[in-house]
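Biologist: I have a chain open on my screen and want to talk through its packing. Can we take it piece by piece?

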Amino acid sequence: MLRLDVDPNLECCPDFASPTFQDSRNLLLSPSVDNAQAAITLRTIWSANNASLKTQWQLQLDADAVVSAEKERVLAEAETTRLAAQELQDGILAEEDRKKNRIHHIPIPDRPRPTRSAETFLVADFALRKIDKAQFVELYYWTNKGLADARLDFKTADDDSMVPTAAADGSTVWTAASAARPAAGVVADRLLTPWDFSRAAPRFIASLEDRGWTAGRVRMIANFFGAIMLHHYWTSDNPHEQRALLTYQEEQRRAWHQAIPQPQGAWNISIIDELEVSRCFDRIYHAERARADIAFDLKVRV
């Protein structure tokens, strides 16, 4: 069916009785049909054809409306998809910016300077960067000695050089050289005294919270430290048993951090593995016995 270009509702029926349509009337003349009857017949034919065209026009308008609505729907859907993709892209870029420039996004409260009693402790930048990357770091940095070293380094540091380091997302960022190297004289966790450990543990937990660790991970580490200090070895008079606990803590926490990015993931570190604690004790006991035997042999030879 050909498409109509003109609205038939706007057309008017011609005057078929006028001389202009004489030739058309002649085609209808007969002994029983005169000019007046021929004009009526032509008018009837025109009206029927016009009515048919009006119906076709309305169907054409309805079809055009359906096509137009579908086009608008497709365009609206495409715009919605584009906006959603743009919002997702903006969110990804914003998250990457927050990761790379975390210091720029830390909110600063509108308050006076805290008093010294409420002032937070100063931790070495190297240790904080380890926390940001969810990597193992020694608890020494949160002991009294470690905090004193950090405060001293903060007051006397004059090294403004920058070195390339890996960010948490694997990208390369430039950081101060002092934040990229460990402190001198770091003491391994297994060699800390129980008193140093008990002082460092809550400070370490506070740093995890300050650096944006999830509540679940912070709670897990806190429960782990609590389980260590509630273990019956902790209050033992045998120094080897206390050393076994500190060794177990260091080895398990190091392995836990290393397992986080692995396909199988980490585990609930707060659940104490008693068999592994016993193995740590056995290693320490036999190492001490071997050292004592060597010392005795040397003494006998002398």
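Predicted model: local features only at pLDDT ≥ 70, side-chain atom pairs only at ≥ 80, totals over all residues.

Biologist: Phe-204 first. Is Phe-204 buried or exposed?
Modeller: Phe-204 counts as buried, because its relative accessibility is 2%. Buried means under 20% relative accessible area, exposed means over 50%, and partly exposed is in between, with a 1.4 Å probe and protein chains only.

Biologist: Fine. Which residue forms an aromatic pair with Phe-204 that is edge-to-face?
Modeller: Rings of Phe, Tyr and Trp (its six-membered ring) pair if their centres lie within 6.5 Å; planes under 30 degrees apart count as stacked, over 60 as edge-to-face and the rest as tilted. By this rule there are 13 aromatic pairs. Phe-16 and Phe-21 make a tilted one, because their ring centres are 4.8 Å apart and their planes sit at 55°. Phe-204 pairs edge-to-face with Trp-142, at 4.9 Å centre to centre and 90° between the planes. That pair links distant parts of the chain, 62 residues apart: Trp-142 is in the loop between H3 and H4, and Phe-204 is in helix H5.

Biologist: How are those helices assigned?
Modeller: Helices (H or I, at least four residues) and strands (E, at least two) are DSSP runs, numbered from the N terminus.

Biologist: Is Trp-142 buried or exposed?
Modeller: Trp-142 is buried, because its relative accessible area is 0%.

Biologist: And Phe-16, buried or exposed?
Modeller: Phe-16 is buried, at 7% relative accessible area. Its partner Phe-21 counts as partly exposed, at 21% relative accessibility.

Biologist: Which residues do ring pairs link into a cluster?
Modeller: Phe-126, Tyr-140, Tyr-141, Trp-142, Phe-197, Phe-204, Phe-224, Phe-225, Trp-234 and Tyr-248.

Biologist: What lies over the face of Phe-204?
Modeller: Arg-253 does, at 5.2 Å from the ring centre. The rule for a charge over a ring is NZ of Lys or CZ of Arg within 6 Å of the ring centre and within 35 degrees of the ring normal.

Biologist: Now the largest nonpolar core. Which residues touch the most other members?
Modeller: Trp-142, Phe-197, Phe-204, Leu-208, Trp-213, Ile-221 and Phe-225, out of 38 residues. A nonpolar core is a set of buried Ala, Val, Leu, Ile, Met, Phe, Trp, Tyr and Cys residues joined through side-chain atoms within 4.5 Å.

Biologist: Which elements give two or more residues to this core?
Modeller: Helices H3 (125-132), H4 (144-156), H5 (194-210), H6 (215-230), H7 (239-259) and H8 (274-301). H5 supplies the largest share, six residues.

Biologist: What is Ile-221 in contact with?
Modeller: Contact means heavy atoms within 4.5 Å. Leaving aside neighbours within four places in sequence, Ile-221 is in contact with Phe-204, Ile-205, Leu-208, Trp-213, Trp-256 and Ile-269.

Biologist: Switching to H4. What does Ala-150 touch?
Modeller: Ala-150 lies in helix H4. Not counting residues up to four places away, Ala-150 touches Leu-122, Val-123 and Ala-124. Ala-150 and Ala-124 are 26 residues apart in sequence, but 5.0 Å apart from C-alpha to C-alpha. Ala-150 counts as buried, because its relative accessibility is 9%.

Biologist: And in H3, which residues are buried?
Modeller: Phe-126, Ala-127, Leu-128, Arg-129 and Ile-131. Just after H3, Ala-134 takes a positive phi of about 55°, although Ala-134 is not a glycine. Ala-134 is buried too, at 17% relative accessible area.

Biologist: Where is Ser-18?
Modeller: Ser-18 is in the segment before helix H1 (22-26). Its side chain reaches the backbone oxygen of Asp-15 at 2.8 Å. Ser-18 counts as buried, with 16% relative accessibility. Ser-18 and Ala-39 are 21 residues apart in sequence and 8.7 Å apart in space, C-alpha to C-alpha.

Biologist: Last one. How many helices and strands does the protein chain have?
Modeller: Eight helices and two strands, running α-α-α-α-β-β-α-α-α-α from the N terminus. Of its 302 residues, 26% count as buried.

Conventions
Residues numbered from 1 in each chain as written. Heavy atoms only, no water. Polar contact = N/O pair within 3.5 Å; in protein donor to acceptor, adjacent residues only side chain to side chain.
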